[in-house]
Amino acid sequence: TSEFKRSPIRKVLRAIAREEWSGRAGSRATRILSVQGMRAEESGRRAKLSQFSPVSAMCSPKRECFVWLPLHQWSEADVWATIRAGKWPARAGGWVM
């Protein structure tokens with residue numbers, strides 16, 4: 001999972017932070033918010049996650065990273081009801097918000 005999910009995401013976030021930092025060297029750290037669609041109902045491990053938390057593996061003096069799980073407390077029924085209501089178009093790879 002890490003090799004195919006977290007690692008590519010972290011690589012992109014580090015590149016964005018590096019680019020942002022280079023444009024304003026000497027100022028405060030670049031802040032990154034990773035918004036993810038994990039839900040507590042999906043697994044016991046995910047149920048233990050906080051809805052908003054720092055990502056210590058990504059933090060550095062030049063980079064502050066956080067993850068936000070806006071759907072964390074949603075049930076599968078909530079997700080499908082939102083899609084059916086036309087608030088998100090469904091697609092094969094996931095949803096577009």
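Trp68 is found in strand β3, and I shall begin with this residue. Please keep in mind that we are looking at a predicted model. Together with Leu33, Val35 and Phe52, Trp68 makes a nonpolar surface patch of about 390 Å².

The chain has 97 residues, of which 26% count as buried.

I turn next to the largest pocket. How much space lies in it? The figure is about 640 Å³. Its lining consists of 24 residues, and those nearest the centre of the pocket are Arg6, Ile9, Gln36, Met38 and Val67. Several elements give two or more residues to this lining, namely α1 (2–22), β1 (30–35), α2 (44–47), β2 (52–54) and β3 (63–68). Which of them provides the largest share? That is α1, with 5 residues. Sorted by class, the lining has 12 nonpolar, 6 polar and 6 charged residues.

The structure holds 4 salt bridges. Arg39, Glu41, Glu42 and Arg46 are linked in a network of such contacts. Arg39 takes part through its side chain in a salt bridge with Glu41, at 3.0 Å from N to O, and in another with Glu42, at 3.7 Å. Glu42 in turn meets the side chain of Arg46 in a salt bridge, with an N to O distance of 2.5 Å.

Is Arg39 buried or exposed? Arg39 counts as buried, because its relative accessibility of 10% is under the 20% limit. Its two partners are described otherwise: Glu41 is partly exposed at 48% relative accessibility, and Glu42 is partly exposed with a relative accessible area of 40%.

Finally, Glu42 leads us to another part of the chain. Glu76 and Glu42 are 34 residues apart in sequence, and their C-alpha atoms are 8.7 Å apart in space. Glu76 is found in helix α3, which covers residues 76–84. With a relative accessible area of 45%, Glu76 is partly exposed.

To summarise, I have discussed the patch that includes Trp68, the largest pocket with its 24 lining residues, and the salt-bridge network of Arg39, Glu41, Glu42 and Arg46.

Key: Residues are numbered from 1 along each chain as its sequence is written. This is a predicted model: local features need pLDDT of at least 70, side-chain atom pairs count only at pLDDT 80 or more; totals for chains, interfaces and linings use all residues. Side-chain values use heavy atoms; hydrogens and water are left out. On a 1 Å grid over the protein atoms alone, a cavity is a set of points where a 1.4 Å probe fits but cannot get out, and a pocket is an open set with protein on both sides within 12 Å along at least five of seven lines; lining residues have an atom within 4 Å of a point. Grid points are joined across faces, edges and corners, and a volume is the space filled by probe spheres set on the points. Helices (H or I, at least four residues) and strands (E, at least two) are DSSP runs, numbered from the N terminus. Ala, Val, Leu, Ile, Met, Phe, Trp, Tyr, Cys and Pro count as nonpolar, Asp, Glu, Lys and Arg as charged, and the others, Gly among them, as polar. Patches are made of residues with over 30% relative accessible area and no salt bridge: like charges are joined within 9 Å, nonpolar side chains (Val, Leu, Ile, Met, Phe, Trp, Tyr) within 5 Å. Accessible areas come from the Shrake-Rupley method with a 1.4 Å probe; for residues, only the protein chains shown count as cover. Buried means under 20% relative accessible area, exposed over 50%, partly exposed in between (1.4 Å probe, protein chains only).
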